[in-house]
Amino acid sequence: MSEIRKSWGLHTGVVALLLALNFILPDYHHGNLARVMVLACYAMGYNMLFGYTGLLSLGHALFFAAGMYGMSLTVQHLGWSAGPAIIVGLASGLAMSLVVGILSLRTAGVAFMIVTLMFAQAGYLAALYFGEYTRGDEGFVIQKAARQIGGIDLSDPMSRYLAALVLFAVCLFITLRVVQTGFGRVLVAIRENEERTRMLGYDVHLHKLLAILLSGTMSAAAGAAYGLLFGYAGATFASVQYSIFPLLWVLLGGAGTVLGPFVGTLFMFYLIDLSSDISTAYMLIAGLTLVLLTLFAPQGLVGELRRRTLRWLP
Amino acid sequence: MELVPYLILGLLEGLVTAAVLSLMALGLSLVFGVMRVVNVAHGEFFMVGAVLAWQIASLFEGHPAWGFLAALLVAPPLTACIAVAANQLVLKRIEYDPERTIVATIGLLYIIQQVTLMTYGPDARPVEAPFNQRLSIPLVEWTESGLSLYWPWGLGTTTYKLAVIMAAVMLLTGIWILMTRTRSGLLMRATQLDRETAQAFGIPVGRVYATVFGLGAALAALAGVLIVPIQQAHYLMGHDPLLLSFIVVIIGGLGSLPGTVVAALLIGISDGMISVFFSPTLAKIIATLGVAFVLIFMPQGLFGKRGL
C-alpha cells in the first residue's frame, strides 16, 4: 500500500472512530470531546504556520478571537442568523491575518514572535476598550435561538458534536491535502532552509503569507465555531493565554504532524481537567509540560512515534 | 485645578514608573545582550521580589524600616538564586536555542506564577514604606504684589517616591560602573561581543551566563521590592511591567544601557502623562502598537546598533 493511501486510510479511520464515539460516550466526555475537536482545529491552524512553515507566532489568539467576535457580534448586535455570521467570522479572520501577515513578515525570528505578541495584545486590549459591545472579560452569552443553522439546533449535544466533527474533519483533510501537495512541500522547505528555497526559485515571502492566511482563517473558523457551539464569547479568548495554548498543544502532540495537534489538545485538555479537581493552579501543569517538552521531547508525542516506528506519518 | 499641576503630577508619577521600569528593563536588556535570551519570565522575577518583600517584612515587628531594609537586602539575592537554578536546570540544557528558550521561559513564567498562587495565595498585600511623609509642591504665581508661592490642592508627592527615584539613579550608576570599570563587566562585555572568541581566551562563558541571568533577575526583584510599598504584592503583578519593559528594551535598542534609560524615561513619563488625561487601556493599545511598528520599521530600535 502506498504511503499516501496509508495516511488517508489512517486519518479517515480517526474520523470514523470519532463518529462512532458519538454514540457510545457518556455525557460528560461527549461534551468534552466536542470541545477538544473544535480546539484541535485551532491547533491545526497554528500547526500550519508553526509546524510546517517554521514561523513561531505568539499572537494566534488574535485570529481565534477575530473569528469568534466576527461571528458573535454580528449575531448579537446586527441580529444576523448563524450561517452568514460564520462567513463574517471567517472573513474577519482572513482580513486580520492578511494585515498581520503583511506587516509581521517584514521581521523574522524573535522579532516576529514579539510583533505577533504585540498585535494580539493590542487586539485583546481593544476587546476590553470596546466593552460596550464586547462586555470585556465578562463576555456575553449567545442566545439559544440564534444558534441554529438550517433548522439544526447547535445547542443540542448530539448535533453540536456532529457539527464539531464536520469542522474537525474538514480541517484535518485540508491539512493532509496541503502537506501532500507541492505547496505544502515548499512550506516545509522554507522551515528547513529558507535561503536554499529562495535559491531554488520559490517566492518565499508569498508562500509564508499564504501560510499565515490559511493558518489564521482556520483559527478563525475554530473561534467562530467555538462561540456558536458553546454559546459564549469573551475577551479571555483573545488573551495571551489563548495564544500560548495552541503552541502548547502543537508542541505536545508533535509540530509538523497532521494528527499531532488533535492528540496534543486531547491530552492537555484532560490533564488540565483532572488537575483542576485537585488545585486551582492548573496552569502549573501547562508550565511544567512546556518546560519538560522543550527539555526532553521537542518532537512531541506523534513526532516521537514517527521518529521511532511509523516513518510514513504525514 | 488648572493644567500645570496636572502636568507636574503626571511627570512625578511618570518618574517613579520610569525608575522602576529602567531597573527592570536593564535586567531584561542585559540578559538579552549577553546571552541572546528573550526572557519571558522576567516579569515573574519582579513579582517574586515583591512577594518575598512582603514575606520578609512580615517577619519583623516594630518600625517598618527594619522589615523593608531586610527585604531590600534579602529578596534580590534569593530571586537571583531561583534564576540561576532555572538557568542551570533548563536554559543551559537546551543550549540557549532562541525559539526553545522562549517556549521554556513561557513555561517558567507559569510555574513561578502558579507556585506563588499556591503558596502565597490570590490576595494583594501591602508592605509599609520605611518613611512616607507627604510633600506638597508649591507653584509660582504672578499676583499684584509680585511673584508669590501657592500650594495647589492635591499636588504633592511622598518622600518615599522621591527615594525610589534616587535609589534607581544610584543603582543604574552602579551597574554602569560594574559594566565599564570592573573586570567582571569586561568579561560580560567580551562574552556579549563574541561568545566563541571569549571562550577561546579562557573566559568561563558558562559562569558568565549564570551570573548575568542572576543579575538580571536580581534587578527585576529590586524593582519589585521598591514598588511594593506603592503598589501591593500580587501573584499576577508581573504581567504589565513585563510588557512595558519589553517596550522599553525594544525602543531603547537591545543591550544599550543609555538607550534603555532614555526609553524608560520616555515610556514612564508618557505613561504617567497619558493615563492622567486618557483611559489607560487606550494608552496601552497605542503603546503596544507603537512597539510593533518600531520593530517592523526600525528593527534596531531608536538608539541601538543591531536588531533582534
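Biologist: Which residues of α2(A) meet α10(A)?

Modeller: Keep in mind that this is a predicted model. On the α2(A) side, the residues that meet α10(A) include Val38(A), Cys41(A), Tyr42(A), Gly45(A) and Leu49(A). Their partners in α10(A) include Ala211(A), Ser215(A), Met218(A), Ala222(A) and Tyr226(A). Sorted by class, this contact has 18 nonpolar, 3 polar and no charged residues.

Biologist: And how do I read the way α2(A) and α10(A) cross?

Modeller: Start with the axes. Those of α2 (residues 27-52) and α10 (residues 204-230) of chain A come within 7 Å and cross at roughly 165 degrees. Angles over 145 degrees count as roughly antiparallel, so that is how α2(A) and α10(A) run relative to each other. As for handedness, α2(A) passes α10(A) in a left-handed crossing.

Biologist: What about the largest nonpolar core: which residues have the most contacts inside it?

Modeller: The general idea is that in soluble globular proteins, nonpolar side chains tend to be buried together. Here the largest core has 198 residues, and those with the most contacts inside it are Val38(A), Cys41(A), Val20(B), Ala50(B) and Ala53(B). Helix α1 (residues 3-35) of chain B gives the most to this core, with 18 residues. Leaving aside residues up to four places away in sequence, Ala53(B) touches Ala71(B), Ala75(B), Val127(B), Gly224(B), Val225(B), Val228(B) and Ala233(B).

Biologist: How many residues does each chain bring to the contact between chains A and B?

Modeller: Chain A brings 33 residues and chain B brings 35 residues. On the chain A side, α5(A) has the largest share, 14 residues. That side divides into 26 nonpolar, 6 polar and 1 charged.

Key
Residues numbered from 1 in each chain as written. Chains lettered and ligands numbered in written order. Predicted model: local features only at pLDDT ≥ 70, side-chain atom pairs only at ≥ 80, totals over all residues. Contact = placed C-beta atoms within 7 Å. Helix = DSSP H or I, 4+ residues; strand = E, 2+ residues; numbered from the N terminus. Nonpolar A, V, L, I, M, F, W, Y, C, P; charged D, E, K, R; others polar. Core = buried A, V, L, I, M, F, W, Y, C linked by C-beta atoms within 7 Å. Buried ≥ 20, exposed ≤ 12 C-beta atoms within 10 Å, placed from the backbone. Axes fitted to C-alpha atoms, helices over the stretch in contact; angles between N-to-C directions. Parallel < 35°, antiparallel > 145°, perpendicular 65-115°, else oblique. Left-handed = near helix turned anticlockwise from the far one by under 90°.
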